[in-house]
Amino acid sequence: MDRVFKIVISFLLTALVMNSCFATSQEEGMKKQILIVYLSRTHNTRAVAEMIHQHVGGDLVALELVTPYPENYRQTVEQVQREDEAGFRPVLKTKIEGMTNYDVVFVGFPTWGMQLPPPIRSFFHDYDLSGKQVIPFNTHAGYGVGKSFNQVDQLCKGCRVEKGISFVGGYERNGKMLEIKDKRVLDVKVQLDGWLNQLGFTTN
């Protein structure tokens, strides 16, 4: 009788271990691979990107150009206007390996001229994001997102574009650069966490 009891207990323990390993394997297989890519001039978009990274994990990548924009604000505005009119896409210095491995791509950017910055147009042109969950986030100088979120829908062919979120950031023309700082970080984080939870991302 004791021998039969030991055999039954051994069988049950083995079954529990195997079930646990299978559940862990399933969970790992279902875990989404996340990329957070962003463009930031006044560092406000970077601040939001870093908060998203704290919440969801994944890889955090800043977009840089082969030929950076001028430091002078007015010169940059004039250059961007010319690029917008011509549909020009500046060459990205940043290279992202293994894009096919990502399931979710957060794309962050400031509003420039009431639309997407040219480097973000370059990003959507350079990488095939079809089949991926694409989630835009934005900072602006008080004028809103303009056409930028609609442009993400247009440029990201075959993507599942989610509802984006936007925050007031710096106002470079008036000398205001990083504004998402100090006490304001908490306010932004509360809104951000609520948005991410609605999208199904629990705290990392």
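## Pockets

A pocket is here an open set of grid points at which a 1.4 Å probe fits, with protein on both sides within 12 Å along at least five of seven lines. In this predicted model, the largest pocket holds about 640 Å³ of space. Its lining is made up of 30 residues, and those closest to the pocket centre are Tyr73, Val77, Thr111, Trp112 and Gly113. Three elements, α2 (44-56), α3 (73-86) and β4 (133-140), each contribute at least two residues to the lining of the largest pocket. The largest share comes from α3, with 7 residues. Sorted by class, the lining of the largest pocket comprises 16 polar, 9 nonpolar and 5 charged residues.

The class composition of the lining of the second largest pocket is 10 nonpolar, 2 polar and 5 charged residues.

## Overall architecture

The chain contains 6 helices and 6 strands. Read from the N terminus, these elements follow the order α-β-α-β-α-β-α-β-α-β-β-α.

Of the 204 residues in the chain, 41% are classed as buried. The accessible surface of the chain amounts to about 12200 Å², and carbon and sulfur atoms account for 53% of that surface. Among contacts between residues at least 6 apart in sequence, 81% link residues at least 24 apart.

## The covered helix α4

Helix α4 spans residues 118-126 and is mostly covered, with 7 of its 9 residues buried. The buried residues of α4 are Pro118, Pro119, Ile120, Arg121, Ser122, Phe123 and Phe124. Their cover includes contributions from the strands β1 (34-38), β3 (104-110) and β4, together with the helices α3 and α5 (148-155).

## Aromatic pairs

The model has 7 aromatic pairs. In one of these pairs, phenylalanine 123 and tyrosine 127 lie 5.4 Å apart from centre to centre, and the 40° between their planes makes the pair tilted. Phenylalanine 123 counts as buried because its relative accessibility is 0%. Tyrosine 127 is likewise buried, because its relative accessible area is 14% and the cut-off for a buried residue is under 20%.

A further grouping involves three residues: Phe106, Trp195 and Phe201 form one aromatic cluster.

## Backbone angles in two loops

Most residues other than glycine have a negative phi. Histidine 43 has a positive phi, near 75°, and is placed in the loop between β1 and α2. With a relative accessibility of 36%, histidine 43 counts as partly exposed.

Methionine 114, although not a glycine, has a positive phi of about 65°. Methionine 114 lies in the loop between β3 and α4. Its relative accessible area is 36%, so methionine 114 is partly exposed.

Notes: Residues numbered from 1 in each chain as written. Predicted model: local features only at pLDDT ≥ 70, side-chain atom pairs only at ≥ 80, totals over all residues. Heavy atoms only, no water. 1 Å grid on protein atoms, 1.4 Å probe; cavity = no way out; pocket = protein on both sides within 12 Å on 5 of 7 lines; lining within 4 Å. Points joined across faces, edges and corners; volume = space filled by probe spheres on them. Helix = DSSP H or I, 4+ residues; strand = E, 2+ residues; numbered from the N terminus. Nonpolar A, V, L, I, M, F, W, Y, C, P; charged D, E, K, R; others polar. Buried < 20%, exposed > 50% of the residue type's maximum accessible area, 1.4 Å probe, protein only. Contact = heavy atoms within 4.5 Å. Areas by Shrake-Rupley, 256 points an atom, 1.4 Å probe, with all protein chains shown as cover. Phe/Tyr/Trp six-rings, centres within 6.5 Å; stacked < 30°, edge-to-face > 60°.
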